[in-house]
Amino acid sequence: MENEQYKVECFVSGSLSYLRDPFDVFFDKEESMQDFMEIVPDSYSTKCYKKDDDGNWTLIENFYPV
């Protein structure tokens, strides 16, 4: 996972108990991450991160469905 520069954390924001477990998806390009974000169901909240030069993840977008 050395080339991954972007990360999306997905977690359930509603009452869908069968979708309890959060998951992370990693990307090497921001464009790929944005393409993925278009298909994430509304039942998920997401946090998008970019890896900085020190290898730390910085939050760049936070989405909670209405």
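K7 turns out to be buried in this predicted model, with a relative accessible area of 10%; buried here means under 20% relative accessible area, exposed over 50%, and partly exposed in between, using a 1.4 Å probe and protein chains only. Since the model is predicted, local features need pLDDT of at least 70 and side-chain atom pairs count only at pLDDT 80 or more, while totals for chains, interfaces and linings use all residues. Residues are numbered from 1 along each chain as its sequence is written, and side-chain values use heavy atoms, with hydrogens and water left out.

Back to K7, which forms a salt bridge with E9, the closest N and O atoms being 3.7 Å apart. The rule asks for a side-chain nitrogen of Lys or Arg within 4 Å of a carboxyl oxygen of Asp or Glu, and by it the count comes to one salt bridge. E9 is partly exposed, at a relative accessible area of 21%. The charged end of K7 also sits over the ring of Y49, 5.0 Å from the ring centre; the test here is NZ of Lys or CZ of Arg within 6 Å of the ring centre and within 35 degrees of the ring normal.

What K51 does have is the backbone oxygen of E4 at 3.4 Å from a polar atom of its side chain. K51 lies in strand 3, residues 44-51.

As for the overall layout, the protein has one helix and four strands, taken as DSSP runs numbered from the N terminus (H or I, at least four residues, for helices; E, at least two, for strands). Along the sequence they follow the pattern β-β-α-β-β. Buried residues make up 27% of the 66 residues. One of the residues in strand 3 is S45, which is buried at a relative accessible area of 1%. S45 and N62 are 17 residues apart in sequence, and their C-alpha atoms are 8.0 Å apart in space.

The largest nonpolar core has 11 residues, among them Y6, V8, F27, M33, F36 and C48. Such a core is a set of buried Ala, Val, Leu, Ile, Met, Phe, Trp, Tyr and Cys residues joined through side-chain atoms within 4.5 Å. Strand 1 (6-12), helix 1 (30-37) and strand 3 are the elements that give it two or more residues, and strand 1 gives the most, with four.

Then there are the rings. A search of the whole structure finds three aromatic pairs, where rings of Phe, Tyr and Trp (its six-membered ring) pair if their centres lie within 6.5 Å, and planes under 30 degrees apart count as stacked, over 60 as edge-to-face and the rest as tilted. F26 and W57 have ring centres 6.0 Å apart and planes at 50 degrees, so this pair is tilted. With F26 in strand 2 (residues 23-27) and W57 in strand 4 (residues 57-63), the pair ties together parts that are 31 residues apart in sequence. F26 counts as partly exposed at 29% relative accessibility, and W57 as partly exposed at 28%. F27 and F36 form a tilted pair too, at 5.5 Å centre to centre and 45 degrees between the planes. Here F27 is buried at 10% relative accessibility, and F36 is buried at 19%.

Technical notes. Polar contact = N/O pair within 3.5 Å; in protein donor to acceptor, adjacent residues only side chain to side chain.
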